[in-house]
Amino acid sequence: MIIDCHGHYTTAPASHDAFRKAQVAHFNDPSLPKPVYPDISDDELRQSVEGNQLRLLRERGADMTIFSPRASTMAHHVGNEAVSAEWTRRCNDLIARVVGLYPDTFIGVCQLPQSPGVPIANSIAELERCVNELGFVGCNLNPDPSGGHWTGLPLTDRAWYPFFEKMVELDVPAMVHVSGSCNANFHATGAHYLNADTTAFMQFLQGDLFRDFPDLRFIIPHGGGAVPYHWGRFRGLADMLGKPSLNEHVMKNVFFDTCVYHQPGIDLLFKVIDIDNILFGSEMVGAVRGIDPETGQYFDDTLRYVEALGLSAADRAKVLEGNARRVYPRLDAQLKARGL
């Protein structure tokens, strides 16, 4: 089985996005009518994925994707806590419906109702609902709900601990994933996402979070941002800061995906990072959707790059399936219940 750990519902029905637009407009101008969430049919949901994620998974040879709401539209910096809570619930419920229609292909990961200045503890109830009621296997955690201004505290601060305690209790990991950028200095997918990946790793390096939470697990997407490319810098910084080696201090709890959109980048990732810390992912129909003119293949067909590595059968099995099942134990339990 091939499991794609990084999928977003980037093709949600237009009426879902129209609701969000109306919701934000009402927040900015309460004289406007309060929007009512549309009645989206199952056929609309099928149409939204069958020609997109579902088709591409089949064509490219993968079997299942860990599926979450579109990252760029989480937009935790928009509106207030109530706006974010309503939008988050609608997004997560839509994911649950897609999973219900295609349980052999999609498995849910939830968005959180984060909002700048609001304690992360306020997101616990939605995590519990999604895991315990909807059968989701993890969450996407935004380290910067301010949308590119980084006004909050680092992930190692104790303000995050109530949420981390719940993650450990539920035995679910988090993918570190920012949302849209409202800071003109940072293009969302070209700068803000990769900055956040790198920043989160450095925060973990500087702190001692995993001493307090040895069972906590994070996936840093997009190949780990700049981390593999500057691995020597981070090893040196750990030494200068008096921290243990990265393998002991961070990498028992942190994992990278393969959302790196060219062969040399994948080659580097696998040369630098231990095989046990890499999960196959594509983020297909996401940030980079076009065809690479140098290869004639889609940039986000990352399975092609992994297969070109010539991994041993054991290492291939880890990257394409085993590591995801280990990092997402609730996924593993659901698959085993189906005899997989």
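I am working from a predicted model.

**Entry 1: Glu 283**

I started with Glu 283, in the loop between strand 8 (278-279) and helix 12 (302-307). I asked which side chain of opposite charge is nearest to Glu 283. I found Arg 70, 8.7 Å away. A salt bridge needs a nitrogen within 4 Å of a carboxyl oxygen. Glu 283 is buried and has no salt bridge.

I then looked for a polar partner. The side chain of Glu 283 makes a polar contact of 3.2 Å with that of His 222. I also listed the contacts of Glu 283 beyond four places in sequence. Among them are the histidines His 6, His 8, His 177 and His 222. Asp 4 and Asp 300 are on the list too, as are Tyr 193, Cys 259 and Tyr 261.

**Entry 2: Nonpolar cores**

Next I looked up the largest nonpolar core, which has 76 residues. Those touching the most other members include Leu 127, Leu 141, Phe 163 and Phe 218. Helix 4 (residues 81-101) gives the largest share of this core, six residues. I noted a second, separate core of 16 residues, with Ile 3, Val 109, Leu 279 and Leu 331 among its members.

I went back to Phe 218 for its contacts, again leaving out residues up to four places away. Phe 218 touches Leu 141, Phe 164 and Phe 204, among others. One of its contacts is Asn 253.

**Entry 3: Salt bridges**

How many salt bridges does a search of the whole structure find? I got 21.

Arg 158 and Asp 212 meet at 3.7 Å, N to O. Arg 158 sits in the loop between strand 4 (139-141) and helix 6 (161-170), and Asp 212 in helix 8 (residues 209-212), so this pair ties together parts 54 residues apart in sequence. Arg 158 is exposed at 58% relative accessible area. Asp 212 is partly exposed at 31%.

Arg 211 and Asp 208 form a salt bridge at 4.0 Å. Arg 211 is exposed at 61%, and Asp 208 is partly exposed at 30%. I traced a network of salt bridges linking Arg 158, Asp 208, Arg 211, Asp 212 and Lys 243.

Glu 169 pairs with Lys 166 at 3.1 Å. Both lie in helix 6, three residues apart, about one turn of the helix.

Definitions and conventions: Residues numbered from 1 in each chain as written. Predicted model: local features only at pLDDT ≥ 70, side-chain atom pairs only at ≥ 80, totals over all residues. Heavy atoms only, no water. Helix = DSSP H or I, 4+ residues; strand = E, 2+ residues; numbered from the N terminus. Buried < 20%, exposed > 50% of the residue type's maximum accessible area, 1.4 Å probe, protein only. Lys, Arg positive; Asp, Glu negative; His and termini not counted. Polar contact = N/O pair within 3.5 Å; in protein donor to acceptor, adjacent residues only side chain to side chain. Contact = heavy atoms within 4.5 Å. Core = buried A, V, L, I, M, F, W, Y, C linked by side-chain atoms within 4.5 Å.
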